[in-house]
Structures are given as C-alpha cells and as structure tokens.
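Let's take a walk through this structure together, one selection at a time. Open your viewer and have the selection tool ready.

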Amino acid sequence: MKNKCQRPNTRGGVYIPRESDKEQIQEYYEDLSTVDKKELVASYNQQNNIWGVRAQMVYLSVLHTVFMERFGKSPFIVENDVAYKLGPKIYYSEELDTILPLPEN
C-alpha cells in the first residue's frame with residue numbers, strides 16, 4: 001500500500017515491547033493467525049482510533065505483524081518500528097489476493 005496517509009481524525013501511538021508483553025503477544029498472535037483474510041481486514045477496519053493503551057498497542061503491533069506475514073504489506077503506517085498510525089480503511093480483493101484501500105466517499 002504505497003503512499004499511505006493517516007486516517008483522518010485519528011491519533012497515533014507508540015509501542016515499545018516489554019518482556020511482560022510476551023504472553024499477551026502470543027495470545028493475540030494465536031487468535032489473529034487463525035482468522036481468514038476477510039476477518040483480518042475487519043479487525044483492522046474496526047479500529048477507530050489509537051488511544052495509546054498498552055493492550056491496544058500490543059494488539060496493533062501483532063495485527064501489523066500478521067498483515068505482513070499474510071500479504072507482505074500492512075495498512076498501518078509504522079515509523080521506526082515503534083510509532084503506529086492507522087492508514088486508510090481497506091478491503092480484501094479475493095481476485096488479487098491482496099488488500100487495497102477503500103475509496104473515500
């Protein structure tokens with residue numbers, strides 16, 4: 001997803017991993033790695049804002065990782081591996097087997 005811009009009226013957040021996050025990371029990863037691609041896209045699109053709560057940042061980090069594994073790209077805007085911003089809402093194209101930005105209304 002080239003030339004991504006931050007979703008309007010949303011904040012970004014910073015996630016710096018801690019040793020204590022490992023169990024939660026594993027739980028989120030197990031859950032997200034088993035959902036189909038449409039459900040993965042829905043999980044991303046349900047994010048309305050980044051509040052910076054640690055549990056949300058762990059979840060978003062894992063969600064980004066799973067997108068990278070499945071599609072080789074992610075809808076998140078990630079800077080320096082720690083700053084996360086929501087990119088545009090997306091949809092899954094079965095025909096192309098990829099994620100694409102939803103056209104803005």
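Which residue in β3 is the bridge partner of V14? Select A83 and you have found the partner. Before going on, note that this is a predicted model, in which local features need pLDDT of at least 70 and side-chain atom pairs count only at pLDDT 80 or more, while totals for chains, interfaces and linings use all residues. Residues are numbered from 1 along each chain as its sequence is written, and side-chain values use heavy atoms, with hydrogens and water left out.

Stop 1: Select β1 (13–14) and β2 (77–79), the edge strands, each of which pairs on one side only. The three strands form an open sheet in the order β1-β3-β2, with antiparallel pairing. Here helices (H or I, at least four residues) and strands (E, at least two) are DSSP runs, numbered from the N terminus, and two strands pair if DSSP finds at least two bridges between them.

Stop 2: Select α3 (54–71). α3 lies across β1, β2 and β3 and runs at about 80° to β3; axes are lines fitted to C-alpha atoms, for helices over the stretch in contact, and angles run from 0 to 180 degrees between N-to-C directions. Buried residues in α3 include Y59, L63, F67 and F71 (buried means under 20% relative accessible area, with a 1.4 Å probe and protein chains only). Just after α3, click on G72, which takes a positive phi of about 75°.

Stop 3: Bring in α2 (37–45). α2 and α3 pack at an angle of about 145°, their axes 11 Å apart. To see where they meet, show K37, L40, V41, S43 and Y44 in α2 with Y59, L63, V66, F67, R70 and F71 in α3; contact means heavy atoms within 4.5 Å.

**Stop 4: the core.** In the largest nonpolar core, of 21 residues, L32, L40, Y44, L63, F67 and F76 touch the most other members. α3 gives the largest share of this core, nine residues. Such a core is a set of buried Ala, Val, Leu, Ile, Met, Phe, Trp, Tyr and Cys residues joined through side-chain atoms within 4.5 Å. Centre on L63: leaving aside neighbours within four places in sequence, L63 is in contact with L32, L40, S43, Y44 and F76.

**Last stop: the hairpin.** Select β4 and β5 (residues 98–101), which pair in the antiparallel sense over four bridges. S93 has T98 in β5 as its bridge partner. Four residues lie between the strands of this hairpin, where D97 takes a positive phi near 50°.

Methods
Buried means under 20% relative accessible area, exposed over 50%, partly exposed in between (1.4 Å probe, protein chains only).
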